[in-house]
Amino acid sequence: MPDLPTKTPWHLWVVGVLSLLWNAVGANDYTQTQLRNTDYIKAGVEPMGIDFQTALTYFEGFPAWAEAFWAIGVWGAVAGSLLLLFRSRFALHVFGASFLGLVVTTFYQFGNPIPGDYDRTIPTIFTAILWIIAIGLILYARRQTAAGVLR
C-alpha cells in the first residue's frame, strides 16, 4: 500500500505565517539599514542613547563577511518560512543556514559593539529572543520533517 500524503496540520499554517511575518520585519530592518535610511536608523538608535552618526559609521564599517552572514541570517529565515509554508523538507536546512548567519552576526556584533556609553540590555534581550525563535523554528521544522509533514 503506498504512503498516503500527510495532512497539513493547522499549526503549520500558524507557525509558517507568524514566522514569515516575524522574519519579514527582520528583512525590512536589514533592507532599511543597507539603504542607509536615515529616519529608520535614527528611530532605532536614538532611543537607546546612540548618536546617529556613530551608528551610521558603525554600519558602514561592517566587513564584507559580516554583511554576508547577516544577509544569510535574514534572507535564510524568510526563505525558511516560505519553504515551511510550501511544506518543503528543505525548510529545516535553510533555517539551519539562517541560524549560522545569526550566530556569526551575533558574535561579530557583541565583539564589536556600536561605540559609546549606552545601556546594552535591550539589544541583548532582543538578540536572545532572535536565538530562541530561530532555534524553535529549526526544532519545529525538524519535527515536521520527521512526522512526514514536510516532504
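Analyst: Helices (DSSP runs of H or I, at least four residues) and strands (DSSP runs of E, at least two) are numbered from the N terminus. Here the chain has 6 helices and 0 strands. Before you dig in: this is a predicted model, where local features need pLDDT of at least 70 and side-chain atom pairs count only at pLDDT 80 or more, while totals for chains, interfaces and linings use all residues. Residues are numbered from 1 along each chain as its sequence is written, and side-chain values use heavy atoms, leaving out hydrogens and water.

User: What pattern does the chain follow along the sequence?

Analyst: Read that way, the chain goes α-α-α-α-α-α. For its dimensions, look at the C-alpha trace, which spans about 65 × 25 × 25 Å along its principal axes.

User: Now burial. What percentage of the 151 residues in the chain is buried?

Analyst: Buried means under 20% relative accessible area, exposed means over 50%, and partly exposed is in between (1.4 Å probe, protein chains only). In this chain, buried residues make up 38% of the 151 residues.

User: What share of the contacts in the chain joins residues 24 or more positions apart?

Analyst: Take the contacts with a separation of 6 or more: residues 24 or more positions apart account for 76% of them.

User: How many residues does the largest nonpolar core have?

Analyst: In soluble globular proteins, nonpolar side chains tend to be buried together. A nonpolar core is a set of buried Ala, Val, Leu, Ile, Met, Phe, Trp, Tyr and Cys residues joined through side-chain atoms within 4.5 Å. The largest one here has 19 residues, and Ile-41, Ile-50, Ala-55, Tyr-58, Phe-59 and Phe-62 have the most contacts inside it. Helix 1 (10-34), helix 2 (38-45), helix 3 (52-60) and helix 4 (64-85) each supply at least two residues of this core. Apart from it lies another core, of 15 residues, including Leu-84, Leu-102, Val-103 and Leu-150.

User: Which residues does Ile-41 touch?

Analyst: Not counting residues up to four places away in sequence, Ile-41 touches Thr-33, Arg-36, Phe-52, Ala-55, Leu-56 and Phe-59.

User: Arg-36 turned up in that list. Where does Arg-36 lie?

Analyst: Look in the loop between helix 1 and helix 2. Arg-36 counts as partly exposed because its relative accessibility is 24%. Check the backbone angle too. Most residues other than glycine have a negative phi. For Arg-36, though, phi is near 55°, a positive value in a residue other than glycine.

User: What is phi of Arg-87?

Analyst: Phi of Arg-87 is near 60°, a positive value in a residue that isn't glycine. Arg-87 sits in the loop between helix 4 and helix 5. With 10% relative accessibility, Arg-87 counts as buried, whereas Arg-36 counts as partly exposed.

How values were computed. Contact means heavy atoms within 4.5 Å.
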